[in-house]
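I opened this model to go through its chain from overall counts down to single residues. These are my notes, in the order in which I looked things up.

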Amino acid sequence: PQAAFFELLLGGLRRVGKRVEPLEAVRLSVLWGALELEGWAPSLDHCQRCDSQAPWTRFSLDPVAGGCLCPSCAGALQGEALPGAVWDQWRAAAEGRPIPGILPQAESALLRWVEHQIGRPLQAARLNFSPNGV
């Protein structure tokens, strides 16, 4: 019943095995793909409050609003401001394109998004899966 999810993970493992792209890029791509499969991926096309069109130089991800907020709408919130490069990386992941130079905020913001969706912290998100990790 979860064939698409299995294929997503298997594809990610194959990409890691080829060692052509950074591990962080594969991990972000698989995370985004999993969110899309579950219908939880944040909307990237426009601000969830004022409907202004993306991309922006800075933005916020607001789980209560259901996606991204432009700088004007995010300014009233206390949430984390993300650089526009994070939006670019998410868009690349959503479109299946190579993801250049992964910013740590790209993954951490999505993991916070997931935690909000499920209503609890993700324990596995705190594990270090890097080749030099413990």
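**Entry 1: the chain as a whole**

I note at the start that this is a predicted model. I looked up the secondary structure and found five helices and three strands in the protein chain. Read along the sequence, I get the pattern α-α-β-β-α-β-α-α.

I then checked burial and surface. Of the 134 residues in the protein chain, 34% are buried. The chain exposes about 8,100 Å², and carbon and sulfur atoms supply 57% of that area. For contacts I took pairs at least 6 apart in sequence; 47% of these join residues at least 24 apart.

**Entry 2: helix 1 against helix 2**

I record a helix pair by the angle between the axes and the distance between the axes. For helix 1 and helix 2 (residues 23-38), the angle is about 175° and the axes are 10 Å apart. An angle over 145 degrees counts as roughly antiparallel, so helix 1 and helix 2 are roughly antiparallel to each other. On the helix 1 side, the contact is made by Ala4, Phe5, Leu8, Leu9, Gly12, Arg15 and Val16. Helix 2 contributes Leu23, Ala25, Val26, Ser29, Val30, Gly33, Ala34 and Leu37.

Phe5 sits in helix 1 (residues 3-18) and has a relative accessible area of 30%, so I list Phe5 as partly exposed. Which residues make up the nonpolar surface patch of about 230 Å²? They are Phe5, Leu9 and Leu37.

**Entry 3: backbone details in the loops**

I went through the loops for backbone angles. Arg19 is in the loop between helix 1 and helix 2. Its phi is near 55°, a positive value in a residue other than glycine. The relative accessible area of Arg19 is 75%, so Arg19 is exposed.

Next I looked at the loop between helix 2 and strand 1, where Asp51 is placed. Asp51 also is not a glycine, and I read a positive phi of about 70° for it. At a relative accessible area of 46%, Asp51 is partly exposed. The loop between helix 2 and strand 1 (58-62) holds Pro55 as well. I noted the peptide bond from Ala54 to Pro55 as cis, with omega near 5°.

**Entry 4: Arg91**

Is Arg91 buried or exposed? Its relative accessibility is 18%, and the cut-off for buried is under 20%, so Arg91 counts as buried. Arg91 lies in helix 4 (residues 84-95). I left aside its neighbours within four places in sequence and found Arg91 in contact with Leu44, Asp45 and Arg97.

**Entry 5: Gln117**

Gln117 is in helix 5 (residues 104-118). With 30% relative accessibility, Gln117 counts as partly exposed. Leaving aside neighbours within four places in sequence, I find Gln117 in contact with Trp40 and Pro63. I also took the C-alpha to C-alpha distance from Gln117 to Val64, which is 9.4 Å. The two residues are 53 residues apart in sequence.

How values were computed:
Residues numbered from 1 in each chain as written. Predicted model: local features only at pLDDT ≥ 70, side-chain atom pairs only at ≥ 80, totals over all residues. Heavy atoms only, no water. Patch = residues over 30% accessible without salt bridge, like charges linked within 9 Å, V, L, I, M, F, W, Y side chains within 5 Å. Areas by Shrake-Rupley, 256 points an atom, 1.4 Å probe, with all protein chains shown as cover. Salt bridge = Lys/Arg side-chain N within 4 Å of Asp/Glu carboxyl O. Helix = DSSP H or I, 4+ residues; strand = E, 2+ residues; numbered from the N terminus. Buried < 20%, exposed > 50% of the residue type's maximum accessible area, 1.4 Å probe, protein only. Contact = heavy atoms within 4.5 Å. Axes fitted to C-alpha atoms, helices over the stretch in contact; angles between N-to-C directions. Parallel < 35°, antiparallel > 145°, perpendicular 65-115°, else oblique.
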